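Hello,

Here is the structure I promised to pass on.

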Amino acid sequence: MRPHAPGFDPHHPPDPARIAECVHCGFCLASCPTYLLWHREPDSPRGRIDLMRSIHEGVIGLTPETVRYFDNCLGCLACETACPSGVQYGLLIEQTRAQIERHVPRPPGDRLVRWLIFQLFPSPERLRRLLPLLRLYRASGLRSALHRLGLLRLLPAPLQAMEALLPPLPPRGVAPLPGHTPAVGEQRLRVGLVSGCVQRVFFPQVNQATVTVLAAEGCAVVVPPQGCCGALEFHAGLEERARQRARTLVAAFAATPLDRIVVNAAGCGATLKAYGALLAEDERWAAPAARFAAAVRDISELLAELPPRGQYHPLRLRLAYQDACHLQHAQRIRQQPRAVLQRIPGLELVELEEAEICCGSAGVYNLVNPLPARELGDRKARQVLASGAAALASANPGCLLQIQSALARVGRSLPAYHPVELLAASLRGAPLARARG
Ligand code: SF4
Ligand code: SF4
């Protein structure tokens with residue numbers, strides 16, 4: 001076991017050897033959203049790594065003053081992509097966050113907001129129970145009235161952010177996903193689908209589209225009964241809760257033989273692929289978790305592996321594809337979503353300026369740090385509008401909501417889709433539903 005590090009406890013502190021891999025070159029600075037916003041060294045990847053080193057050396061402590069620089073980090077991992085020395089910043093910040101959660105008390109308001117978030121979002125049952133209230137809130141005209149009168153500005157910033165990010169409500173009576181869907185034609189693979197929490201309740205059409213496209217491409221799709229994958233808790237440093245969710249999810253998918261495990265939300269996918277590391281010290285679960293993680297594929301990753309078999313009909317659309325950070329940086333998946341979208345005749349893909357920069361969504365970042373998240377969302381919305389695109393696609397529900405909310409602030413609205421919705425519409429040869437926007 002490591003000797004006790006001042007400020008960090010001995011349970012997996014950020015590893016001094018990994019910290020030492022940072023050579024201070026600064027190549028990461030231009031990709032870091034918080035450095036772009038504030039131009040302050042401690043709000044850059046290099047600065048945060050230096051803070052970790054100083055805490056190890058006892059020069060500074062793990063105090064509320066230092067914690068704010070770690071809290072400001074979006075965990076977007078653009079710095080990992082930019083770093084020529086291969087510094088594993090993601091691991092360092094995850095380990096730092098777990099230490100913070102164990103040792104640094106938060107102000108009561110912060111604690112309440114975080115408690116609310118972690119009670120609600122990882123629970124599809126609670127989210128579902130909220131739906132009738134949200135329908136009433138919209139249908140009664142209360143929402144429009146509160147906006148018109150400016151009364152929402154009286155709420156604390158995180159609640160204002162939550163309200164602004166309310167997702168569109170799914171149609172009533174959407175059928176649940178079938179437990180098993182056969183492949184169309186000869187079966188190439190048997191895959192399990194991770195249906196997500198927010199995705200399953202608020203965007204059931206994305207899961208339906210995922211099943212449609214997978215089946216058309218020769219995959220039998222199994223959707224076992226399942227809970228939350230633990231992504232939000234994992235990225236927030238709530239290690240033990242994330243581990244427990246990982247064990248439960250691995251068990252849920254172990255009941256049936258599967259060639260691959262498919263996920264359509266980038267944040268969840270990055271966490272599922274880390275299950276092996278998350279449960280590495282768990283004697284009972286280490287091997288099953290490693291097998292599970294090795295089988296996980298983002299939907300675009302799996303589709304790119306399979307030579308296309310479906311009949312894709314034209315969709316005349318100028319589309320901006322926004323890379324979700326947990327896809328492009330955490331999973332290094334950039335080319336595959338573009339490649340599968342280009343299977344759609346008539347679809348014109350446009351690239352955004354600053355595509356490597358986070359939109360400010362970043363899991364629950366836009367709820368716990370609403371002001372910088374809003375600035376980053378506005379910056380991304382300006383780039384989307386400058387691209388001249390008629391619609392937006394991204395592989396993470398949080399990114400779509402964040403950019404939609406920023407577009408709404410400037411009085412512009414664009415339809416927004418998960419790429420798999422576009423593929424499913426193209427397979428059907430049907431016009432696109434204006435799902436969001
Ligand atoms: S994860 Fe993102 S916000 Fe955090 S230091 Fe790296 S680039 Fe900056
Ligand atoms: S690019 Fe890598 S090595 Fe250079 S300062 Fe950033 S984290 Fe350190």
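I started with the ligands. By class, the shell around ligand 2 holds 10 nonpolar, three polar and one charged residues. There are 14 residues around this ligand, and those that come nearest are Cys22, Cys25, Cys28, Arg46 and Cys83. Helix H3 (45–57) and helix H5 (78–82) each supply at least two residues of the shell around ligand 2. Please keep in mind throughout that this is a predicted model.

Ligand 1 is surrounded by 14 residues, of which Cys32, Pro45, Cys73, Cys76 and Cys79 are the closest. The shell around ligand 1 divides into 10 nonpolar, three polar and one charged residues. Helix H2 (33–38), H3 and H5 each give at least two residues to the shell around ligand 1.

Next, the sheets. One is an open sheet of five strands, with mixed pairing and the order S1-S3-S2-S4-S5. Strand S1 (180–181) and strand S5 (296–298) stand at the edges; each has a single partner strand, so one side of each is left without a neighbour in the sheet. Further in, strand S2 (residues 189–194) and strand S4 (residues 260–263) run parallel and are joined by four bridges.

On one flank, strand S6 (residues 317–322) pairs with S8 in the parallel sense over four bridges, and Gln322 stands opposite Ser394 in S8. S8 also pairs with strand S9 (residues 416–417), in the parallel sense and over two bridges; there Leu392 stands opposite Ala416 in S9. What covers the picture for S8 is its burial: both faces of the strand are covered, with Ala391 and Ala393 buried on one side and Leu392 and Ser394 buried on the other.

Helix H22 (residues 370–386) packs with helix H23 (residues 397–409) at an angle of about 80 degrees, and their axes are 8 Å apart. H22 and H23 are therefore roughly perpendicular to each other. On the H22 side the contact is made by Gly377, Asp378, Lys380, Ala381 and Val384, and on the H23 side by Gln402, Ile403, Ser405, Ala406, Leu407 and Arg409. By class, this contact of H22 with H23 has five nonpolar, three polar and three charged residues.

The second pair is helix H14 (residues 239–254) and helix H17 (residues 286–295), whose axes come within 10 Å and cross at roughly 70 degrees. That makes H14 roughly perpendicular to H17. Ala246, Val250, Phe253 and Ala254 of H14 make the contact with Pro288, Ala289 and Phe292 of H17. What is the make-up of this contact by class? The contact of H14 with H17 has seven nonpolar, no polar and no charged residues, whereas charged and polar residues do take part in the contact of H22 with H23.

Last, two backbone details. Most residues other than glycine have a negative phi. Glu354 is not a glycine, yet has a positive phi of about 55 degrees. Ala362, not a glycine either, has a positive phi of about 50 degrees. Where are they found? Glu354 is in the loop between S7 and helix H21 (365–368), and Ala362 lies in the loop between S7 and H21 as well. Their surroundings are worth a look too. Glu354 is partly exposed, with 16 other C-beta atoms within 10 Å, whereas Ala362 is buried, with 28 other C-beta atoms within 10 Å.

Best wishes

Key
Residues numbered from 1 in each chain as written. Chains lettered and ligands numbered in written order. Predicted model: local features only at pLDDT ≥ 70, side-chain atom pairs only at ≥ 80, totals over all residues. Near = placed C-beta within 6 Å. Nonpolar A, V, L, I, M, F, W, Y, C, P; charged D, E, K, R; others polar. Axes fitted to C-alpha atoms, helices over the stretch in contact; angles between N-to-C directions. Parallel < 35°, antiparallel > 145°, perpendicular 65-115°, else oblique. Contact = placed C-beta atoms within 7 Å. Pairing = 2+ DSSP bridges. Buried ≥ 20, exposed ≤ 12 C-beta atoms within 10 Å, placed from the backbone.
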